[in-house]
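User: I have a model to go through with you. I want each label set against its definition.

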Amino acid sequence: MSAPYRIDLSLEALARAFQATPEHPALDLHGGVAPGRPAWVIRLRGGRRVITPMVWGFPPPPGREQLVASARNLDSTFWRPWLKRPNRCLIPFTSFSAPAGASAALRPANAGVAAFAGLWRSFEETPFFARLTSPGDGAGWAATMPVVLTTEKAFIDWLEAPADVAVRMQRPPPPGELVAAGADRPDGPR
């Protein structure tokens, strides 16, 4: 897999899966996603879920040049302002790359679409997002593991819960929630 994660759903299927309204239906952003590139992101606007394109990677702190693709230390003054409900988002995926030593790619065990927990912000009128990560799970993710959300309850909790509840969601997925992407896959939304 060449991109860190994939979203292999049409915008219409994505909208149904996340009960969200597309804001820019003319754009075609499915397929592989990589830092610095646009991707579909789901956030709350006016109390409803909307799907909007954003660039993967937060603008860097002073003194750095590279976009920051992952949020790790939520106690940091860099991330703390973006933990508020309006700045939390869901980053849909159907599979994602694992680091060397783990299986080549992982997907949700339920064969559906899942989401990474994410944070977003606008900078110079462009929306950017970062994927939330947690400490490694000891199964090939030595440093960090994306925070994976696979249920409607988890989607609601991440988007709507108070910040102290959302912070407690920063953990690797439970065993069995992800499987190798090449494993037999029941029909899911396409």
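User: What makes strand β7 mostly covered?

Analyst: Buried means under 20% relative accessible area, exposed over 50%, partly exposed in between (1.4 Å probe, protein chains only). In β7, residues 88-93, six of six residues are buried. So the label follows from that cut-off. This is a predicted model: local features need pLDDT of at least 70, side-chain atom pairs count only at pLDDT 80 or more, and totals for chains, interfaces and linings use all residues. Residues are numbered from 1 along each chain as its sequence is written, and side-chain values use heavy atoms, with hydrogens and water left out.

User: Which residues of β7 lie on each side?

Analyst: Arg88, Leu90 and Pro92 are on one side. Cys89, Ile91 and Phe93 are on the other. Both faces are covered, as these residues are all buried. In a regular strand the side chains alternate between the two faces of the sheet.

User: Why does Arg131 count as buried?

Analyst: Arg131 has 12% relative accessibility, so it counts as buried. Arg131 lies in strand β11, residues 126-135.

User: What does Arg131 touch?

Analyst: Contact means heavy atoms within 4.5 Å. Not counting residues up to four places away in sequence, Arg131 touches Tyr5, Trp56, Ala69, Ser70, Ala71, Ile91, Phe116, Ala117 and Pro146.

User: What makes a set of residues a nonpolar core, and how many residues has the largest?

Analyst: A nonpolar core is a set of buried Ala, Val, Leu, Ile, Met, Phe, Trp, Tyr and Cys residues joined through side-chain atoms within 4.5 Å. The largest has 53 residues. Tyr5, Phe129 and Trp158 have the most contacts inside it. β10 gives the most to this core, with six residues. In soluble globular proteins, nonpolar side chains tend to be buried together.

User: Which residues does Trp158 touch?

Analyst: Among them are Arg88, Cys89 and Leu90, as well as Ala117, Gly118 and Leu119. Residues up to four places away in sequence are not counted.

Definitions and conventions
Helix = DSSP H or I, 4+ residues; strand = E, 2+ residues; numbered from the N terminus.
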